[in-house]
Amino acid sequence: MLGIIGAMDVEVDVIKAMIKNKTVTSKAGTDFVCGFIENVMVCVAQCGIGKVNAALCTQAMIDNFDVDKVINVGCACSLSKDVCIKNVVIATDVCEYDMDITPLGDPRGFINGLNVVKMKTDDELSERLSRTAINYGEKIHRGTIASGDKFIADRELKDFIADEFGAICGEMEGGAIGHVCLANNIPFAVLRTISDGGDDNAQMDYPIFKNIAAQISSKIIVEFIKTEQNQLSMF
């Protein structure tokens with residue numbers, strides 16, 4: 001089963017609306033909507049904003065719904081001059097930029113247990129998402145997506161995250177979802193569409209472009225599910 005997680009209603013409502021034979025189950029304060037899109041079994045959840053909400057949702061999905069891969073979908077800010085509003089970013093890896101135990105000698109962002117700073121996404125899943133987005137006519141970028149419990153709307157913070165982690169995109173859930181998936185040996189990918197520049201204009205740009213960004217991400221996911229069906233029919 002394919003698991004799809006977004007933080008906000010605008011990021012998952014289009015996908016939920018396409019599910020047939022749906023069931024809704026509540027776990028850990030989250031509604032999990034399961035059923036079929038294009039004869040592919042899916043489980044879709046709105047996790048809420050932030051890393052803890054995202055981690056709770058991901059673990060509950062893995063524990064209760066037998067997902068064999070997870071895609072995090074939604075909007076995000078750009079951390080690079082080359083990544084523009086309405087562009088699509090598909091992560092090569094994710095990190096948690098606000099994880100900081102540097103006083104104890106570990107590098108910024110180091111994840112105890114996994115013992116890495118950057119958590120690698122699944123190659124095949126990410127490549128298929130990339131091809132789907134390109135075929136859909138979107139401008140895509142591949143690179144590090146950085147997550148933290150702060151809406152990035154500050155040039156200094158934006159530049160710090162970009163410089164420290166080489167990140168091209170910032171948001172609030174992908175790193176936590178990747179963290180949980182890796183701990184459970186579940187392949188994952190993160191797909192984000194840019195809604196703002198993560199700078200002093202972000203608070204103005206985000207309300208204008210978040211719906212557009214979310215719609216782009218949702219449409220790519222739906223197209224991806226069609227390719228998933230085609231792949232399944234080969235076996």
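Two strands pair if DSSP finds at least two bridges between them. Helices (H or I, at least four residues) and strands (E, at least two) are DSSP runs, numbered from the N terminus.

The model is predicted; local features need pLDDT of at least 70, side-chain atom pairs count only at pLDDT 80 or more, and totals for chains, interfaces and linings use all residues. Residues are numbered from 1 along each chain as its sequence is written, and side-chain values use heavy atoms, with hydrogens and water left out.

**Exercise 1. Find the partners of strand S4 (residues 40–46).**

Step 1. Take strand S3 (residues 30–37). It pairs with S4 in the antiparallel sense, over 6 bridges. Cys34 stands opposite Cys43 in S4.

Step 2. Look at the link. S3 and S4 form a hairpin with 2 residues between them. Glu38, in the turn, has a positive phi of about 55°.

Step 3. Take strand S1 (residues 2–6). S1 and S4 run parallel and are joined by 5 bridges. Here Ile4 stands opposite Val44.

Step 4. Check the cover. Buried means under 20% relative accessible area, exposed over 50%, partly exposed in between (1.4 Å probe, protein chains only). In S4, 5 of the 7 residues are buried.

**Exercise 2. Trace the pairing of strand S8 (residues 140–147).**

Step 1. Strand S6 (residues 88–96) runs parallel to S8, with 8 bridges between them. Val89 has His141 in S8 as its bridge partner.

Step 2. S8 also runs parallel to S9, joined by 4 bridges. Ser147 has Glu171 in S9 as its bridge partner.

Step 3. S8 is mostly covered, with 7 of its 8 residues buried.

**Exercise 3. Explain why helix H5 (residues 174–183) counts as largely enclosed.**

Step 1. Count. In H5, 7 of the 10 residues are buried, so the helix is largely enclosed by the rest of the structure.

Step 2. Name some. Gly174, Ile177 and Cys181 are among the buried residues.

Step 3. H5 is followed by Asn185, whose phi is positive, near 60°.

**Exercise 4. Describe the largest pocket.**

Step 1. Define. On a 1 Å grid over the protein atoms alone, a pocket is an open set of points where a 1.4 Å probe fits, with protein on both sides within 12 Å along at least five of seven lines; lining residues have an atom within 4 Å of a point.

Step 2. Size. The largest pocket holds about 230 Å³ of space, a volume being the space filled by probe spheres set on the points.

Step 3. Lining. Of the 18 lining residues, the closest to the centre are Cys75, Phe151, Glu171, Met172 and Tyr206.
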